[in-house]
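Colleague: I would like to learn how to read a ligand site in a model. Please take me through it step by step.

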Amino acid sequence: MLKNELDVTLHRAENLKEKPDQRQLGFGNYFTDHMLTMRWNKEQGWHDAKIEPYGNFSLDPAAMVLHYSQEIFEGLKAYCGADDSVLLFRPMDNLNRFNDSAERMCMPRIPTDKVLQAMKGLIYLERDWIPQSQGAALYIRPAMIATEAALGVRPADEYIFFIICSPVGAYYAEGFSPTRIYVEDEYVRAVQGGVGNVKTGGNYAASIKAHTTSQQKGYTQVLWLDAVERKYIEEVGTSNIFFMINDELVTPPLGGTILPGITRDTVLQLAADWGIATCERRITIDEVIAAAEDGSLTEAFGSGTAAVISPIGEFGYKENTITVNKGKTGPLAQRLFDDIQCLQRGAAADPHDWIVRVK
Ligand SMILES: *Cc1c(COP(=O)(O)O)cnc(C)c1O
């Protein structure tokens, strides 16, 4: 157990940064005054945990992460609640998923209870950075990188775990509105047996080409199809996807190629609570098109921490345009968006114990 001892020392920044304009935050453009770091090596396990001034790492150019991408991350948010409270939404799910990612990438597991405590300490210290306005939050980015200097392809002997925080604006700064989605039938995101279910940097590096190409064509995001038949729907950008067909909420199953989203799980749970039929099953793009044509598809939306819910108004597939709900936000997407945000701000009952209070 000694290896899991985590004493966090605090080194306060001498000068605090000027806070950015809360109306111009965007996503991931500003970082707070402090970060959490801790190191791992074979002899000591996790050690040297500290909250220290936000700043550069010094890495050997041979650091293994720079060559073979042994890296994982997470993303969650801290929200301002009533009475100046600070709340996290299902943070243990993020830390447990982080450990699942660590396992797959042959990296050391983190002691989740202690890391949650340390994360809360960091967020409390940075509480003045949490934006107040509806939809805005403090985005928390835990990550781990292989730092050992060596060029062999094998698990590294040394790692840094860190958490940085970034105040982010409302995802829908101009209002909650449906997106145009490009159905990608050339590039793929993940294959069975690969790392599609892991939050590891390489997945995102590999997705940039398809994403920028779709943006040049005027779309917001890419809809990924399965790598074998280019037929089954997987995910949308870095979100999970849902379809309302014949009053049943359908989402692709967690088969190893998609990310097990916490928002996805939240949507499935809330829909069940509300008496809506849900189904995790494989669904093809052809089924979606047919359902759009015969009117049985009434809504489509993505789910993820960044946007919470992002309604889909249109799919572009090959030469065709498929419109969903006349290009407007559907009632379920709207209800989920409103209710999840209420929950996250502590303004709704929390029967599933999803909220963790920092302050
Ligand atoms: C993070 C992520 C999601 C969404 O997960 P949440 O836990 O809901 O934020 C979905 N797909 C991909 C590829 C992701 O990286």
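Colleague: Which polar backbone atom is 3.4 Å from a nitrogen atom of the ligand?

Modeller: In this predicted model, that backbone atom belongs to Thr238. A polar contact here is a pair of N or O atoms within 3.5 Å, and the ligand nitrogen and Thr238 are 3.4 Å apart.

Colleague: How much of the ligand does the protein bury?

Modeller: The ligand on its own exposes 380 Å², and 96% of that is buried by the protein. The space that the ligand takes is the largest pocket.

Colleague: Which side chain has an N or O atom 2.4 Å from an oxygen atom of the ligand?

Modeller: That side chain is the one of Tyr204. For Lys199, an N or O atom of the side chain lies 2.7 Å from a ligand oxygen.

Colleague: Now the whole chain. How many helices and strands does the protein have?

Modeller: Its secondary structure consists of seven helices and 18 strands. The radius of gyration is 21 Å, and the globule rule gives 21 Å for 359 residues, so the protein is as compact as a globular protein of that length.

Colleague: What does the C-alpha trace span along its principal axes?

Modeller: The span is about 60 × 50 × 40 Å.

Terms used
Residues are numbered from 1 along each chain as its sequence is written. This is a predicted model: local features need pLDDT of at least 70, side-chain atom pairs count only at pLDDT 80 or more; totals for chains, interfaces and linings use all residues. Side-chain values use heavy atoms; hydrogens and water are left out. A polar contact is a pair of N or O atoms within 3.5 Å; within protein, one must be able to donate a hydrogen and the other to accept it, and residues adjacent in sequence count only if both atoms are side-chain atoms. Accessible areas come from the Shrake-Rupley method with a 1.4 Å probe; for residues, only the protein chains shown count as cover. On a 1 Å grid over the protein atoms alone, a cavity is a set of points where a 1.4 Å probe fits but cannot get out, and a pocket is an open set with protein on both sides within 12 Å along at least five of seven lines; lining residues have an atom within 4 Å of a point. A molecule sits in a cavity or pocket if more than half of its atoms lie within 2 Å of its grid points. Helices (H or I, at least four residues) and strands (E, at least two) are DSSP runs, numbered from the N terminus. The radius of gyration is taken over C-alpha atoms; the globule rule is 2.2 Å times the number of residues to the power 0.38.
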